[in-house]
Amino acid sequence: MPRYALKVEYQGAPFAGWQRQKDLPSVQGAIEAALARLEPGPHTIAAAGRTDAGVHGLGQVAHCDLTKDWDPFRLSEALNYHLKPQPVAIVAAARVADDWHARFSAVERQYLFRILVRRAPATHDAGQVWQVTHPLDVDRMQAGADLLLGQHDFTTFRSSICQAASPVKTLDELRVEAVNGFSGPEIHFHVRARSFLHNQVRSFVGTLERVGAGAWAPEDVSRALKACDRAACGPVCPPQGLYLARVGYPADPFAG
């Protein structure tokens, strides 16, 4: 059966997350239903990461097995036709080797988190950002973020329901950037690692927001990390500003 990689973009607001769930809308369920319109099912697709309810995808990657030898462009066009009007799009498709796996072949994942800093309610960006009404100091947040880089036991920044076998992960990048957004000043967090714990990025951002607001010192981030205690974490920020931005592979299946 030919295997295809799919690059997927979606808005997370209407869905209970990526993973298929009984009686609840999911991104996986929407794509599998569209595949069933092309070939008799059932279909089961695998993704590089399972995003939570409200989390968005800019560069999520999944793979599927089909019986027909599809032209990748025609496959993406057909899926997008059957995905309408849901906010899910297949932005690219590619034929891959039979042993290629969207999750297990991945070597890194990159997330983007957006904070909008303004007092007026968000309109165009509602549901796409975490809105904060007070000023944030980017330099203080970066100083705290730098203390999280490298390999650590991230128990403090791990959800109590996380199913990962180990809390030890290597964080390769946590960059805090001030951006002039269309709706006002934004703070962007660029986070990169091979893999992440459940709620790890949102725990980082919620904690660093406290640093930027002046409630925490940058050094408090290190103390929280070393505590290896979930109770030492700052607030976990809401999901709507989080985007799975990119998944990296030894060879980009969509190149060319």
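Helices (H or I, at least four residues) and strands (E, at least two) are DSSP runs here, numbered from the N terminus. With that settled, hello everyone, and thanks for coming. What we have is a predicted model, where local features need pLDDT of at least 70, side-chain atom pairs count only at pLDDT 80 or more, and totals for chains, interfaces and linings use all residues. Residues are numbered from 1 along each chain as its sequence is written, and side-chain values use heavy atoms, with hydrogens and water left out.

Let me start with the whole chain. Its secondary structure comes to five helices and 10 strands. The radius of gyration is 19 Å, close to the 18 Å that the globule rule gives for 256 residues, so the chain is as compact as a globular protein of that length. That radius is taken over C-alpha atoms, and the rule is 2.2 Å times the number of residues to the power 0.38. Along its principal axes, the C-alpha trace spans about 60 × 40 × 40 Å.

How much of the chain is buried? Of the 256 residues, 51% count as buried, meaning under 20% relative accessible area; exposed is over 50%, and partly exposed is in between (1.4 Å probe, protein chains only). As for contacts, meaning heavy atoms within 4.5 Å, look at those between residues at least 6 apart in sequence: 72% of them join residues at least 24 apart.

Now the interior. A nonpolar core is a set of buried Ala, Val, Leu, Ile, Met, Phe, Trp, Tyr and Cys residues joined through side-chain atoms within 4.5 Å. The largest one has 49 residues, and the members touching the most others are Ile115, Leu148, Leu171, Ile187 and Phe189. Helix H4 (residues 200–212) gives this core its largest share, five residues. Another core, of 24 residues, lies apart from it, and includes Val27, Leu35, Ala47 and Leu79.

Let's zoom in on Ile115. Leaving aside neighbours within four places in sequence, Ile115 is in contact with Trp130, Val132, Leu136, Pro185, Glu186, Ile187, Phe189 and Val205.

Then there is Leu116, in strand S5 (residues 108–117). Buried or exposed? Leu116 counts as buried, because its relative accessibility is 0%. Beyond residues up to four places away in sequence, Leu116 touches Ala122, Val129, Trp130, Gln131, Val132, Ser183, Gly184, Pro185 and Glu186. Ala78 is 38 residues from Leu116 in sequence, and the two are 36 Å apart in space, C-alpha to C-alpha.

On to the loop between S5 and strand S6 (130–132), where we find Gln128. Gln128 is buried, with a relative accessible area of 16%. Residues up to four places away aside, Gln128 touches Gln11, His56, Arg114, Gln240, Gly241 and Tyr243.

Finally, some backbone details to check on your screens. Gly41 to Pro42 is a cis peptide bond, with omega near 5°, and Pro42 sits in the loop between helix H1 (27–38) and strand S2 (46–47). Lys84 and Pro85 are also joined by a cis peptide bond, with omega about 0°; Pro85 is in the loop between helix H2 (72–83) and strand S4 (88–96).

Which residues other than glycine have a positive phi? Asp23 is one of them, with phi near 65°; this residue is in the loop between strand S1 (3–10) and H1, and at 69% relative accessibility Asp23 counts as exposed. Cys228 is another, with phi near 50°. Cys228 lies in the loop between helix H5 (218–227) and strand S10 (242–248), and is partly exposed at 34% relative accessible area. Thanks, and over to you!
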